Amino acid sequence: MLEHLELFFKSIFIDNMVFAVFLGMCSYLAVSKKVATAVGLGAAVIFVLAVTVPLNWLLDQYLLQPGALSWLGEEYASYDLSFLSFILFIATIATMVQLVEIVVEKFSPSLYNSLGIFLPLIAVNCAILGGSLFMQAREIPSLGLAFNYGLSSGIGWFLAILAIAAIREKIRYSAVPVPLRGLGITFIITGLMGIGFQSFGGMLTGDNEPPAATEEVVEVIETEQIKEDSEDPIETEESIEVIAGID
Amino acid sequence: MPLLSKKESKLILDPLADNNPITIQVLGICSALAITAELKASVVMAISVLFVLAMGNVVISLMRNIIPSKIRIIVQLVVVATLVIVVDQTLKAFAYELSKTLSVFVGLIITNCIIMGRFEAFALGNGPWRSFLDGIGNALGYGVILIIVGFFRELLGSGTLFGIPVLGDPIAKTGLYAYGYENNGFMIIPPAALIVVGILIWIQRAKNPSLVEEA
């Protein structure tokens, strides 16, 4: 439970998709002129990330990782298909986006009207592929955590685009230097927001962590020593027995 | 007869300044910002994008008459993904350390908007040779910004260029550091990239008022 909570807040605030790793910047800049459209795109991103990251986690675990094919039989255990991950991940994403679009259009026309126009845009949003690639790079251990990671990074992206859209709506009434208007000032505001988000960095590295880590190491060393200590007499006993057997 | 006609050289030169993919077209920002803390990573990223964009433009342009328009996005994604796998495997084989620094951002070339943008806007409607030149031009325009940002961030942030100290030794206090100069740690953190690009956009538009957006 605690690790879920930790991953959740970490992905929203500390490793925020926009402010920490700059993913999905293209649509972030292009669709953030109005709050209403920003909310639509943000919701679509949350949804698609929460679906594709667990799917790609399954692909990674049972198809792509070195040794992932061992469920097929012993002779497949040495296969390493990880070089295929880009093409499989992007294919999954493109297919899922199409599928989601068709299903939503069929069953909920009102949701389709508010969300559907953004879905094709999302297939080529770096935040979506980035979510899957970071999931793979950080070796997220379980399906539940993968779902959590997708969902919370989506929420982080949603927060970011909502915030910048609100600021851009207001800044239209300010006296920005002429050459900076539009794109320039948006970049600089995003930079300043990113610095603000950096201050969340200390949130999860509280006082407890470093001592806990050293305690673990000490424990490991101690258990190893105990093992070594306990192993020695057994070995000698065995060797005595062996010698006795020869006799 | 010159190597390139006037129109063709315009394809290469335009994206370098007045139609720059990053500062004017606003494409391909994602990867441009994350890896520019070091000049070396910027240069490698620029070269990778140059390869992928030029080759991809040629392939898409050759196939432009046989791709059904309904599934063109998926076809484009497959072409890019294949080229990016080639780049990724090459980097892993010959520059392993660097591929670790770039980590997922090599994979993210696939969704780099600049690539899909050029496929859609140019390669689908033009022949292979012109598409190739367009790819080279846009990738160079992208690379120029990357290298400028990487240059300033590494110089001001760490006092080095390509990992070689150019301003003296900050610990032994030689060179500039002897006069009380300090590295600007702000330049290393990710948000600094946004601010540097913002300032570049400011300078470019101040020099060329026709580029200013209507607010």
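Biologist: Which residue takes a positive phi just after helix 7 of chain A?
Modeller: In this predicted model, that residue is E139(A), with a phi of about 50°. E139(A) is not a glycine, and its place is in the loop between helix 7 and helix 8 of chain A.

Biologist: Is E139(A) buried or exposed?
Modeller: E139(A) is exposed, because its relative accessible area is 64% and the cut-off for exposed is over 50%.

Biologist: Where is F22(A), which also has a positive phi?
Modeller: F22(A) sits in the loop between helix 1 and helix 2 of chain A. Its phi is about 55°, and F22(A) is not a glycine either. F22(A) has a relative accessible area of 1%, so it counts as buried.

Biologist: Back to helix 7 of chain A. How many of its residues are buried?
Modeller: The helix is mostly covered, with 10 of its 12 residues buried. Among them are C126(A), L129(A) and F134(A).

Biologist: What length does helix 7 of chain A reach?
Modeller: From its first C-alpha to its last, helix 7 of chain A reaches 15 Å, which is close to the 16 Å expected at 1.5 Å a residue.

Biologist: Now salt bridges. How many are there over all chains?
Modeller: A search of the whole structure finds 4. One of them joins D15(A) and R138(A), whose closest N and O atoms are 3.6 Å apart. The two residues are 123 residues apart, and the pair links distant parts of the chain: D15(A) is in the loop between helix 1 and helix 2 of chain A, while R138(A) is in the loop between helix 7 and helix 8.

Biologist: Which residues are linked with that pair in a network?
Modeller: The network of salt bridges consists of K10(A), D15(A) and R138(A). D15(A) is partly exposed at 23% relative accessible area, and R138(A) is partly exposed at 38%.

Biologist: Which residue forms a salt bridge with K92(B)?
Modeller: The partner is D88(B), with the closest N and O atoms 3.4 Å apart. Both residues lie in helix 4 of chain B, 4 residues apart, about one turn of the helix. An α-helix has 3.6 residues a turn, so residues three or four places apart point the same way.

Biologist: What about D134(B) and R118(B)?
Modeller: They form a salt bridge as well, with the closest N and O atoms 3.1 Å apart. D134(B) belongs to helix 8 of chain B and R118(B) to helix 7 of chain B. Both residues are buried.

Biologist: How many salt bridges are there between chain B and chain A?
Modeller: The count is 0. The rule also finds 0 residue pairs in polar contact across that interface. By class, the side of chain B that touches chain A has 31 nonpolar, 7 polar and 3 charged residues.

Biologist: What area do the two chains bury between them?
Modeller: They bury about 3,500 Å², with 85% of it on carbon and sulfur atoms. In terms of residues, 41 of chain B are in contact with 39 of chain A.

Methods. Residues numbered from 1 in each chain as written. Chains lettered and ligands numbered in written order. Predicted model: local features only at pLDDT ≥ 70, side-chain atom pairs only at ≥ 80, totals over all residues. Heavy atoms only, no water. Contact = heavy atoms within 4.5 Å. Buried area = accessible area lost by both parts, 1.4 Å probe. Salt bridge = Lys/Arg side-chain N within 4 Å of Asp/Glu carboxyl O. Polar contact = N/O pair within 3.5 Å; in protein donor to acceptor, adjacent residues only side chain to side chain. Nonpolar A, V, L, I, M, F, W, Y, C, P; charged D, E, K, R; others polar. Expected span 1.5 Å × (residues − 1). Buried < 20%, exposed > 50% of the residue type's maximum accessible area, 1.4 Å probe, protein only.
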